[in-house]
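This report considers a single protein chain, from its overall form to the surroundings of one residue. The sequence and structure are shown first.

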Amino acid sequence: MDQLADTLRARMQRRLGRVVRRMRSKSRAGSAAVEFAFIAPIFVLLLMGTIEVGVMFFAEFTLQNATVDAARQIRTGQVQLANMTQAQFRQLVCNEISALMPCNANLQIDVETYANFAAASFSSPLQADQTLNPNLDNWAPGAECSIVLVRVFYTWTVFTPVLDSFMINMAGNKHLITATAAFRNEPYTTAVAGC
């Protein structure tokens, strides 16, 4: 009888051991899923943030390039000789940025003229409430030898949640992208021999 009980006990221990081993292997597989569930959202969030920052830097480069190209036409007198309006100048910028940024109310252009570089002064584009100053929409391309400051502003909406506090620099969950060109107009007519 003792031998039978020992045999039954041994069988039960083996079966129990198999069940415990199966449970351990399943719990390990389950722990990987739980760990992934904790880490995946953080990874996706960081990946989204990295992509958005990269796109914002590319947008800033694109806007700066468009600003320099359009400002070149002011500098060489093409804008003045063609009596170009502010809307036409805006379209010059829009043509170069349209693949990445829509040419809508988020784009604001400010062109100001000064007598000399020492007189050039400009205010912050942001108001006290951290919104873009709507009065920065001047249009003064100047004449020959004028000092001109061209500033282009674009309010980019930040989409990445949680990390947006690191990327926004103005109210309304937005990032202000700024491009600037400062120069002296060339003597583009024969009336002016040099500056």
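## Contacts along the sequence

In this predicted model, 73% of the contacts between residues at least 6 apart in sequence join residues at least 24 apart.

## Fold elements and overall form

Four helices and three strands make up the secondary structure of the chain. Read from the N terminus, the elements follow the order α-α-α-β-β-α-β. The chain is more spread out than a compact globule, because its radius of gyration is 32 Å, well over the 16 Å that the globule rule gives for 195 residues.

Along the principal axes, the C-alpha atoms occupy a box of roughly 125 × 30 × 25 Å.

## Surface, burial and charge

Of the 195 residues in the chain, 31% are buried.

The charged side chains comprise 16 positive and 14 negative ones. The centres of these two sets are 28 Å apart.

His-175 belongs to strand S3, which spans residues 174-184. With a relative accessible area of 15%, His-175 counts as buried, because the cut-off for burial is under 20%.

A polar atom of the His-175 side chain lies 2.7 Å from the backbone oxygen of Met-167. Met-167 is also among the residues that His-175 touches, leaving aside those up to four places away in sequence.

Key:
Residues numbered from 1 in each chain as written. Predicted model: local features only at pLDDT ≥ 70, side-chain atom pairs only at ≥ 80, totals over all residues. Heavy atoms only, no water. Helix = DSSP H or I, 4+ residues; strand = E, 2+ residues; numbered from the N terminus. Rg over C-alpha atoms; globule rule 2.2 N^0.38 Å. Buried < 20%, exposed > 50% of the residue type's maximum accessible area, 1.4 Å probe, protein only. Contact = heavy atoms within 4.5 Å. Lys, Arg positive; Asp, Glu negative; His and termini not counted. Charge placed at Lys NZ, Arg CZ, Asp CG, Glu CD. Polar contact = N/O pair within 3.5 Å; in protein donor to acceptor, adjacent residues only side chain to side chain.
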